[in-house]
Amino acid sequence: MASSIRVRATANGDITEVQALIQHPMDTGFVKDSKGELIPAHFIQELKFECNGKDVFVAEWGTAVSKDPYVKFSFKGAKKGDDLKVSWTDNKGVSDTTTAKIS
Amino acid sequence: MTRRAAILLGSAFVALAALAFASPRVVAADKVDPVADAKAFQNFFFQKFPNVRHEDFVNGPYSMNEDMKRQWREKEEFPPYEFALDAGKEMFATPFKNGKTYADCFPNGGIGIRQNYPYFDEKEGKVVTLELALNRCREANGEAPYSYVKDEMASLTAYMAFTSRGKPMDIKIPDDPRALAAFENGKRYFYTRRGQMNFSCASCHVQSPGERIRAEILAPALGILNAMPIYRSEWSGMGTTSRRFITCNSQTRAVPLEPQADEYRDVEYFLSYVANGLPISGPGARP
Amino acid sequence: MKRSLPIAMLLALSFAPPARAATEADYKAAYVAAEAASKEAAALRHQWTTTVSTLATARKAADGGDFDRAFAAAKEAEALAKASIFQATSEKEAWKTMEIR
């Protein structure tokens with residue numbers, strides 16, 4: 001299966017700009033399906049970006065984040081060619097991870 | 001001075017009278033002239049929005065509003081339809097149980113042909129849309145058809161549109177009275193008011209593009225299908241042309257027709273034909 | 001002549017039947033009429049969503065034994081269906097006024 005994470009990181013001088021798109025239903029637990037049954041809550045709880053063994057961005061998420069979330073941020077201290085590791089874990093214990101090279 | 005005014009007035013009356021006499025006959029002798037219709041349709045939008053570049057109309061509301069355009073440009077760097085696009089590419093390449101693929105059903109293996117759909121099938125005597133052709137391809141190969149409004153169909157059409165990006169829409173109307181009738185029928189559907197709100201497609205997309213309807217900015221009708229299918233943030237998912245028609249209908253409080261009803265096929269034919277020459281921009285992303 | 005009109009209206013009003021609760025028969029008659037009109041609208045491909053939902057409201061109220069509400073809803077549904085038929089009929093020609101030429 002294709003990764004649920006798309007990530008692009010570009011270094012511009014000292015600053016690395018990161019964009020990521022994650023495929024996830026992010027169900028709130030308040031929405032009903034077509035049969036009128038509640039769709040159980042299913043959402044990403046933790047999203048983490050690591051670079052050179054250091055956490056550069058950690059987010060604790062809840063149900064207020066949209067489906068297929070998009071994240072953009074920038075950080076200092078990385079250079080071209082460094083590895084950026086992205087991982088998420090959801091409330092059902094499912095997780096996914098991917099690594100991207102900073103370009 | 002007064003005499004000239006009188007002459008002017010008099011000739012105006014004569015002109016009016018002539019018009020009044022002539023007009024019923026003009027309507028009666030009204031020929032279906034798609035070429036003139038498309039020209040008038042495009043000119044209407046070009047004149048209404050002189051500052052919008054012609055090929056920009058296919059970007060819907062983003063062509064109408066600078067702020068939205070900036071947000072969209074940023075979004076396009078990481079478009080929300082990417083997952084659908086990848087899924088569509090994979091689905092397109094995956095053979096059916098009988099070993100054949102979608103490529104076997106389409107000219108040029110299905111690549112770069114989006115701009116030719118919908119087309120008029122002279123054997124069937126009806127308009128065939130891309131979505132319809134895809135499901136027929138599935139059925140011909142012993143597979144169950146997909147829902148016209150759901151993700152699989154959107155993914156497949158997203159991929160096919162992507163391979164045709166930038167190609168000018170190129171819809172043909174063959175010299176067949178049934179094709180002209182389908183075009184005319186699509187035109188009628190487009191302009192006919194329906195639903196309790198008494199809206200036609202044109203009420204929003206001809207009379208008010210660029211205006212707000214609640215928080216949204218209305219897209220111009222010109223080139224509106226060139227961006228299909230679309231990822232709509234409002235739907236938090238992909239939608240096909242069928243889905244767009246159906247939701248438009250229910251928003252005006254009209255009971256939608258079944259997907260790929262003759263009327264929908266015809267209105268798709270009409271709208272695509274009048275957008276001839278404008279580039280395919282699908283899959284699109286809309287708020 | 002001028003005075004006779006208000007008098008006539010008064011008379012008409014005084015002879016109007018006193019308000020009474022709708023019966024099941026009233027509801028049924030109203031529903032049949034509403035359903036027929038809505039079917040006609042559907043056949044013209046001009047059905048309104050509100051006609052469908054108001055008809056459903058009428059049925060639900062009738063199932064609950066509330067024939068006043070059921071009758072009123074059926075009457076409303078009929079009016080909506082008739083309006084949609086009017087729309088379908090007038091739009092047969094009126095759409096041309098919207099056309100870009």
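How many residues does the contact take from chain B and from chain C?

1. **Basis.** This is a predicted model: local features need pLDDT of at least 70, side-chain atom pairs count only at pLDDT 80 or more, and totals for chains, interfaces and linings use all residues. Residues are numbered from 1 along each chain as its sequence is written, while chains are lettered from A and ligands numbered from 1 in the order in which they are written.

2. **Chain B with chain C.** The contact takes 20 residues from chain B and 14 residues from chain C. Two residues are in contact if their C-beta atoms, placed from the backbone, lie within 7 Å. On the chain B side, helix 2 (34-48) and helix 7 (177-191) each supply at least two residues. Helix 2 of chain B gives the most to that side, with 3 residues. Helices (H or I, at least four residues) and strands (E, at least two) are DSSP runs, numbered from the N terminus. By class, the side of chain B that touches chain C has 9 nonpolar, 6 polar and 5 charged residues. Here Ala, Val, Leu, Ile, Met, Phe, Trp, Tyr, Cys and Pro count as nonpolar, Asp, Glu, Lys and Arg as charged, and the others, Gly among them, as polar.

3. **Chain A with chain B.** Here 10 residues of chain A are in contact with 7 residues of chain B. Strand 1 (5-12) and strand 2 (15-22) of chain A each supply at least two residues of the chain A side. That side has 3 nonpolar, 3 polar and 4 charged residues.

4. **Chain B overall.** Chain B has 10 helices and 7 strands. Of its 287 residues, 41% count as buried. A residue is buried if 20 or more other C-beta atoms lie within 10 Å of its own, exposed if 12 or fewer, and partly exposed in between; C-beta atoms are placed from the backbone. Among contacts in chain B with a separation of 6 or more, 73% join residues 24 or more positions apart.

5. **Chain C overall.** Chain C has 4 helices and 0 strands. From the N terminus on, its elements run α-α-α-α. Buried residues make up 27% of its 101 residues. Residues 24 or more positions apart account for 71% of the chain C contacts with a separation of 6 or more.

6. **A helix pair in chain B.** Helix 5 (residues 130-140) and helix 6 (residues 151-162) of chain B pack at an angle of about 115°, with their axes 11 Å apart. That makes helix 5 of chain B roughly perpendicular to helix 6 of chain B. Axes are lines fitted to C-alpha atoms, for helices over the stretch in contact, and angles run from 0 to 180 degrees between N-to-C directions. Angles under 35 degrees count as roughly parallel, over 145 as roughly antiparallel, 65 to 115 as roughly perpendicular and the rest as oblique. The crossing of the two helices is right-handed; a crossing is left-handed if the near helix is turned anticlockwise from the far one by less than a right angle, and right-handed if clockwise.

7. **Residues at that crossing.** From helix 5 of chain B come B:L130, B:E131 and B:L134. They meet B:M153, B:L156, B:T157 and B:M160 in helix 6 of chain B. By class, this contact has 5 nonpolar, 1 polar and 1 charged residues.

8. **Cores.** The largest nonpolar core has 67 residues, of which B:A84, B:F270, B:L271 and B:V274 touch the most other members. A nonpolar core is a set of buried Ala, Val, Leu, Ile, Met, Phe, Trp, Tyr and Cys residues joined through C-beta atoms within 7 Å. Leaving aside its neighbours within four places in sequence, B:F270 is in contact with B:F183, B:G186, B:K187 and B:F190.

9. **Cis peptide bonds.** One joins B:M228 and B:P229, with omega about -5°. B:P229 lies in the loop between strand 4 (216-217) and strand 5 (230-232) of chain B. The bond from B:G282 to B:P283 is also cis, with omega near -5°. B:P283 is in the loop between helix 10 (262-274) and strand 7 (284-286) of chain B.

10. **Positive phi.** B:N108, a residue other than glycine, has phi near 55°. B:N108 sits in the loop between helix 4 (82-93) and strand 1 (119-121) of chain B, and is exposed, with 10 other C-beta atoms within 10 Å. B:Q260 has a positive phi of about 65° and lies in the loop between helix 9 (241-251) and helix 10 of chain B. B:Q260 counts as partly exposed, with 19 C-beta neighbours inside 10 Å.
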